[in-house]
Amino acid sequence: MNPVNYLYLAALLFTIGATGVLVRRNAIVVFMCIELMLNACNLAFVAFSRMHGNLDGQIIAFFTMVVAAAEVVVGLAIIVSLFRSRHSASVDDASLMKL
């Protein structure tokens, strides 16, 4: 398969994720769309790595996955804290958590 097809798929996944971030109000859905965007970037890194014949893109994709795992931990903790205090996972209620 041509690596350009992977880039088209990555662009489609990134567009779906960006649309979800801009349109949705639920924090869990926004969080999943951000993860979809990160996975699209990883797919693009690996596709470019394969096109150029080196492993740099795959190494960057690995580090991006490590950062995404840390983001999951922090993001879910914030969402759980928001849900406990407001009984809602709406992004609009997040500004009410300021001191």
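**A residue and its setting**

Guide: Among contacts (heavy atoms within 4.5 Å) in the protein between residues at least 6 apart in sequence, 51% join residues at least 24 apart. This is a predicted model, in which local features need pLDDT of at least 70 and side-chain atom pairs count only at pLDDT 80 or more, while totals for chains, interfaces and linings use all residues. Residues are numbered from 1 along each chain as its sequence is written, and side-chain values use heavy atoms, with hydrogens and water left out.

The protein contains three helices and zero strands; these are DSSP runs, numbered from the N terminus, with helices being H or I of at least four residues and strands E of at least two. Because its radius of gyration, taken over C-alpha atoms, is 16 Å, well over the 13 Å that the globule rule (2.2 Å times the number of residues to the power 0.38) gives for 99 residues, the protein is more spread out than a compact globule. Its C-alpha trace spans about 50 × 25 × 20 Å along the principal axes.

The part to examine is Leu82, which lies in helix H3, residues 56–86. Leu82 counts as buried because its relative accessibility is 5%; buried means under 20% relative accessible area, with a 1.4 Å probe and protein chains only. Buried residues make up 25% of the 99 residues.

Residues 60–83 are 100% helix and 0% strand, with end C-alpha atoms 34 Å apart.

Technical notes:
Buried < 20%, exposed > 50% of the residue type's maximum accessible area, 1.4 Å probe, protein only.
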